[in-house]
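Let's take a walk through a protein together. Have a look at the sequence and the model, then read on.

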Amino acid sequence: MELGRHLNYTRSLSPGKAVFFYQTQDSEFVPLPVEVNKINGQKGNFSEGYDARFRAKKTETKDLAYGNPHTIEACYVPPMVEELLCRFSLRVEANSLAPNGSDDPKANRWLMKLAAGYKQAGGYEELARRYARNILMGSWLWRNQQTMGTEIEVITSNGDLYQIGDARRLDWQSQWPEPEDAMLAALTVELSQALSDPKQYWFATITAKMKMPFCQEIHPSQEFSENVEQGMPSRQLAKVQCGDGRMAASFHAEKVGAALQTIDDWWDDEADMPLRVHEYGANKHALVALRHPVTGRDFYQHLRRTAYYIRRLRHCKKSDGSDIPGEIHYLMSVLLKGGLFQQGRA
């Protein structure tokens with residue numbers, strides 16, 4: 001299939017901001033504040049002592065012992081608060097069934113056939129299971145997964161409640177205990193229906209209840225500040241304004257979405273970790289693209305094989321998507337992520 005000059009998909013998973021708060025006897029919602037600290041750091045950067053050729057700079061020995069004062073924002077659990085909550089909402093839509101915009105009628109038909117064949121073979125159930133794993137594992141808490149106990153609660157617009165007593169017991173690769181596995185299976189059914197049926201108007205509210213040690217640090221999203229004004233914190237944390245004007249520490253919706261989309265372990269037969277779904281398999285920790293075009297495993301090369309994959313799906317016999325090739329799961333996961341995929345001008 002040839003790529004046209006215009007091809008885009010609307011994302012299928014739309015999380016909101018995740019807000020940190022705690023509860024007291026007088027209030028069910030007390031926003032977790034962010035504080036401004038002025039600290040006297042140390043000079044330890046490579047460039048403080050060496051030039052680009054690894055030659056020692058001719059500085060006074062005392063220069064490297066001076067403090068490095070700067071202003072930062074930080075976030076801590078308030079004293080005597082033992083349980084911290086973090087909550088976000090999730091909207092799921094069946095936007096991968098067809099492109100949102102395409103200037104090539106033939107490509108549009110092929111992609112619709114691909115989604116229909118994928119649905120028939122149970123492919124959306126496999127993707128839904130992976131998204132549900134990340135929800136119930138609390139992957140979206142990022143560094144805040146290190147707690148003394150993390151309960152996950154999911155309430156869906158269907159009126160169903162799913163609870164995980166301690167998400168720390170769960171991981172991506174191992175088999176889950178029977179109670180948690182039953183929760184995973186039930187949530188997977190709801191997610192799969194929402195991903196594949198445009199008449200499903202599905203939402204969920206997800207809450208993590210974390211048991212925290214005394215005054216431990218919390219890690220919300222960090223704002224990207226290219227140019228910091230004089231006197232302003234050099235490190236700024238994400239905050240959301242509540243209805244009463246108070247500010248609460250938060251995760252950006254994009255950071256929550258990145259955690260939910262970390263499902264790509266199809267990038268290699270011996271993959272030892274899932275990647276965030278990305279057209280070139282970007283691994284930001286190792287600063288490498290594991291689906292670089294030279295590997296032949298990137299999204300655009302798979303997209304050009306759409307007609308071939310439609311034929312492959314016709315030979316899939318299982319109803320849960322377990323016999324669908326990983327390349328097709330990956331291709332569909334990128335379409336669910338959404339984005340602009342046109343070839344454009346040479």
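Which helix gives the most to the positive patch? Helix H2, residues 105-120, does, with three residues. (Helices are DSSP runs of H or I with at least four residues, strands are runs of E with at least two, and both are numbered from the N terminus.) Before we go on, note that this is a predicted model, where local features need pLDDT of at least 70 and side-chain atom pairs count only at pLDDT 80 or more, while totals for chains, interfaces and linings use all residues. Residues are numbered from 1 along each chain as its sequence is written, and side-chain values use heavy atoms, leaving out hydrogens and water.

The patch of positive charge lies on the surface and gathers Lys106, Arg109, Lys113, Arg311 and Arg314. A patch takes residues with over 30% relative accessible area and no salt bridge, joining like charges within 9 Å and nonpolar side chains (Val, Leu, Ile, Met, Phe, Trp, Tyr) within 5 Å. A salt bridge here is a Lys or Arg side-chain nitrogen within 4 Å of a carboxyl oxygen of Asp or Glu. Arginine 311 sits in helix H7, residues 306-313.

Now turn to an open sheet of three strands, ordered E8-E1-E18 with antiparallel pairing. Strands E8 (101-102) and E18 (339-340) are at the edges with a single partner strand each, so one side of each has no neighbour in the sheet. Strand E1 (residues 7-9) is joined to E18 by two bridges; pairing requires at least two bridges found by DSSP. Tyrosine 9 stands opposite glycine 339 in E18.

Stepping back, the protein's secondary structure comes to eight helices and 18 strands.

Conventions. Areas by Shrake-Rupley, 256 points an atom, 1.4 Å probe, with all protein chains shown as cover. Lys, Arg positive; Asp, Glu negative; His and termini not counted. Charge placed at Lys NZ, Arg CZ, Asp CG, Glu CD.
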